[in-house]
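Subject: Handover of a structure

Dear colleague,

Please find below the structure that I am handing over to you.

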Amino acid sequence: MKNDNQTMDRQIPVSEQRKRKMKRAAIAVAITVAVLGAGAWLGSQMIPTLERKSLIISEVDRGTIDVSVSATGRIVPAFEEIIVSPISSQILEIYAHSGDSVDVGTPLLRLDLQSAETDYSKALDEREIRRQQTAQLKANVETQLSDRRMQIEVEEMKLVQLEAQLRNELYLDSLGSGTRDRVRQAETTLRTAQLQLQQLKQQYQNEQRVKQADLRMQQLQNNIFEKGLDEKRRTLDDAKIRSPRRATLTYINSEVGSTIGAGQKIAVVSDLTHFKAECEISDTHSDRVRVGGAVILRIGKERLSGTINTVTPLSQSGAITFTVVPDDMSHPRLRSGLKTEVFVITSIKDDVLRIRNGSFYSGPGDYTLFVINGDFLLPRQVRLGECNYDYIEVISGLEPGEQVVVSDMTKYKGKEKLKVN
């Protein structure tokens, strides 16, 4: 009995203890590996299941694609007029407010026009002075030219008398009653008179041209002054701020007593029954945007056709701007300030394979799409071409009649199979 207890109390060697610990650790590791392997195997056997109603599915078919490039747009009034102050003044009264419907000639606000009216009144007085000066100049010119004509008539009468004297001297000389010296004196006197008359006529013509030039200069100055006066009158009329058309007042400076400068915006009237779109597109597509080009505006589910009306060729921040006039400018879906998708149609392709456009599409190239095969979705490499607002061109990888998922499937990238209910 004593020997048995001694055997039981004997200490186990350290090497044996180490062997037992290593054996237990190996068993634990083996169990862990087995559990993880089983979990991985079970995970690989679990296939994600998707609800068919949560997917956007398109059937591959053949048809026409109006190839387009996308842009962004904003709906604005087709006709909008900014009213600016024609003079530096002060706002005295407000007659209308933003949102009011106004007609042609409806008063909008009143400016302080005292200074402008005073200037205009002075200009009217100056015009009268100029008219009097012109009348006086005409009278002086007529008097001077009349005096010159009178001198010419007197000299002509003298010339007739001298011609008669010369004839008499020649007659007397032929009878022997006169002398040759008297004849030569009469001829000299006549020749002198003829030269004097010729000189007077030349002076008259010169004075006539000079006076006519003076009158034309005066008239030109008067015309310039009249144009300036007309401009003052128009400015004064424009300063009586009225609506230029039947429209809606969308903005007005309603700060009574505030000072405004010439050219400063004080009101905006807009036609809110007709609209257009102000659009912006990347300048990489600038060669595809042309005046007269066809465009589709998409507002929600509504599609409106339109035409490019103007194009701004200057690129700013990598984009160019253009305006689109809808075929129906008064369509009920059009609202000022509303954002819209814009599709500029660049060409038309007939009889091509196509699928519905989806959010996954970012341009021509290769894509991995899930194709329906019974109750499963199988990934397939597909090459896609150009698109429009509804369809994408299929170049290869799909056949007519097949059904393909066109919703975003990024989170299932790398899956070899998906199940669909």
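Helices (H or I, at least four residues) and strands (E, at least two) are DSSP runs, numbered from the N terminus. This is a predicted model, in which local features need pLDDT of at least 70 and side-chain atom pairs count only at pLDDT 80 or more, while totals for chains, interfaces and linings use all residues. Residues are numbered from 1 along each chain as its sequence is written, and side-chain values use heavy atoms, with hydrogens and water left out.

Two residues with a positive phi

Most residues other than glycine have a negative phi, and most peptide bonds are trans. Ser-317, which is not a glycine, has a positive phi near 55 degrees. Ser-317 sits in the loop that links β13 (302-316) and β14 (319-326). Its relative accessibility is 84%, so Ser-317 counts as exposed; the term exposed means over 50% relative accessible area, buried means under 20%, and partly exposed lies in between (1.4 Å probe, protein chains only).

Asp-351 is likewise not a glycine, and its phi is positive at about 50 degrees. Asp-351, however, belongs to strand β15 (residues 339-356). With 54% relative accessibility, Asp-351 counts as exposed.

Helix α3 covers residues 114-175, which makes 62 residues. From its first C-alpha to its last, α3 reaches 92 Å, close to the expected 92 Å; the expected span of a helix is 1.5 Å times one less than its number of residues. Just after α3, Gly-176 takes a positive phi of about 90 degrees.

What lies beside α3? The cover of its buried residues includes α4 (180-238). The axes of α3 and α4 come within 9 Å and cross at roughly 170 degrees. Axes are lines fitted to C-alpha atoms, for helices over the stretch in contact, and angles run from 0 to 180 degrees between N-to-C directions. The two helices α3 and α4 are therefore roughly antiparallel to each other; angles over 145 degrees count as roughly antiparallel, under 35 as roughly parallel, 65 to 115 as roughly perpendicular and the rest as oblique. The residues of the contact of α3 with α4 divide into 23 nonpolar, 13 polar and 24 charged. Here Ala, Val, Leu, Ile, Met, Phe, Trp, Tyr, Cys and Pro count as nonpolar, Asp, Glu, Lys and Arg as charged, and the others, Gly among them, as polar.

The buried residues of α3 include Leu-145, Arg-148, Ile-152, Glu-155, Leu-159 and Leu-162. An α-helix has 3.6 residues a turn, so residues three or four places apart point the same way. Is Glu-155 buried or exposed? At 14% relative accessibility, Glu-155 counts as buried. Leaving aside residues up to four places away in sequence, Glu-155 touches Gln-196, Leu-197 and Leu-200, where contact means heavy atoms within 4.5 Å.

In helix α4 lies Glu-187, which is partly exposed with a relative accessible area of 34%. The C-alpha atoms of Glu-187 and Lys-232 are separated by 67 Å, and these residues are 45 residues apart along the chain.

Two open sheets

Strands of a sheet pair through backbone hydrogen bonds, either parallel or antiparallel. Two strands are taken as paired if DSSP finds at least two bridges between them.

Strand β5 (residues 89-94) is joined to β7 by three bridges, and Ile-91 has Leu-111 of β7 as its bridge partner.

Another open sheet has four strands, ordered β4-β10-β8-β6, and its pairing is antiparallel. Its edge strands, β4 (80-84) and β6 (101-102), each pair on one side only. Strand β8 (residues 247-252) is joined to β10 by four antiparallel bridges, with Thr-248 opposite Ser-270. In β10, five of the six residues are buried, and the strand is mostly covered.
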